[in-house]
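Student: I'd like to learn how to read a model like this one. Can we go through it together?
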Amino acid sequence: MELKLAVADYSFPLLEWEQSLNLARGIGMNGVDLGLFAGGSHLQSDKILESPESSAAEVSAALRARGLKVADVFGIPATSFHQMAVNDPNESSRQKSAEYFQRALEFTVRCGASHLTLLPGVHFPQEQKSDSLKRAATELEWRAQAAKSAGVKLAIEPHLGSIVPTPQEALDLLELAPTLTLTLDPSHFIRQGISEEMILTLVGRTSHMHARGAREGRLQAPLRDNSIDFKKYLDALSRHLYSGWICIEYTWQEWEQCNEVDIVSESILLRNLLRAAQSEGTAPLIGK
């Protein structure tokens, strides 16, 4: 398996966007995950998606100048998980979410990228969770088919607070949405004390991966405290002939105490561990 490493532009919120690209290149990354987060990323989704064609031209030019490729476009249209969720029971909200997706897909295509990540939706408490899940599957499946027609893989990231916070629930969603794929971030499951054996059941439907140190009780941890065995994931991805990117995705934010980790240093340390595993095949990757 070719090891294609990327870093997220939204990992470095205190830098200007161009500086985050310079840093990505400076630490040896070939790709970048572009965040389109409402109120929480360098590239503000409302401004970028107002004119996807011109925005993509500007973004692509900046990336080309630094020899970087788009590994993934990660779209989060609102500042809460419920707002504009793909499976909102309110039809008007779902329409806004659909319009966001269509513009994000156009931006992705015009950037020459082939991967788009969305959030999977949430459980709306006024209804049964099974109904929220079915609506999420319906909404995500047509999006996945539309993306496939445009040459893009659509994925969702199972995460804390979502309709699919566990591997089994993610598999239930995938069964209902056969065209959909996953952006797999083990940290969201490790944080809950879920076994890696369970997490690895998702690898076969994984088209993009986020990697960062984590342990039970902490979504993000320095490698000295990390309990994720990254070699297991590399081996599993290789067995499934994985051809996607692995994004080293440390984030600096108050949520889940993620601002207590040295983002730059930990990104470099994890980069080194992943490279060692790829070249040697026997490197210990849990950071202990």
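Predicted model: local features only at pLDDT ≥ 70, side-chain atom pairs only at ≥ 80, totals over all residues.

Student: Where does L241 lie?

Tutor: Helices and strands here are DSSP runs numbered from the N terminus (H or I, at least four residues, for helices; E, at least two, for strands). L241 sits in the loop between helix 9 (230-239) and strand 8 (246-248). Check its backbone too: L241 is not a glycine, yet has a positive phi of about 55°. M84 is another non-glycine with positive phi, near 60°, and M84 is in the loop between strand 3 (69-76) and helix 4 (91-110).

Student: How many helices and strands does the chain have?

Tutor: There are 10 helices and 8 strands.

Student: And what does the radius of gyration tell me?

Tutor: You take it over C-alpha atoms and hold it against a globule rule, 2.2 Å times the number of residues to the power 0.38. For 288 residues a compact globule would come out near 19 Å, and the chain has 18 Å, which agrees. As for burial, 56% of the 288 residues are buried.

Student: Which residues touch the most other members of the largest nonpolar core?

Tutor: A nonpolar core is a set of buried Ala, Val, Leu, Ile, Met, Phe, Trp, Tyr and Cys residues joined through side-chain atoms within 4.5 Å. The largest one has 78 residues, and L34, F107, L173, L180, I246 and L274 touch the most other members. Helix 5 (residues 129-149) gives the most to this core, with 6 residues. Apart from it lies another core of 10 residues, including Y10 and F37.

Student: Helix 5 also holds R143. What is R143 in contact with?

Tutor: Contact means heavy atoms within 4.5 Å. Leaving aside neighbours within four places in sequence, R143 is in contact with V86, R94, S97, A98, F101, L118 and L154. With a relative accessible area of 0%, R143 is buried.

Note on methods
Residues numbered from 1 in each chain as written. Heavy atoms only, no water. Buried < 20%, exposed > 50% of the residue type's maximum accessible area, 1.4 Å probe, protein only.
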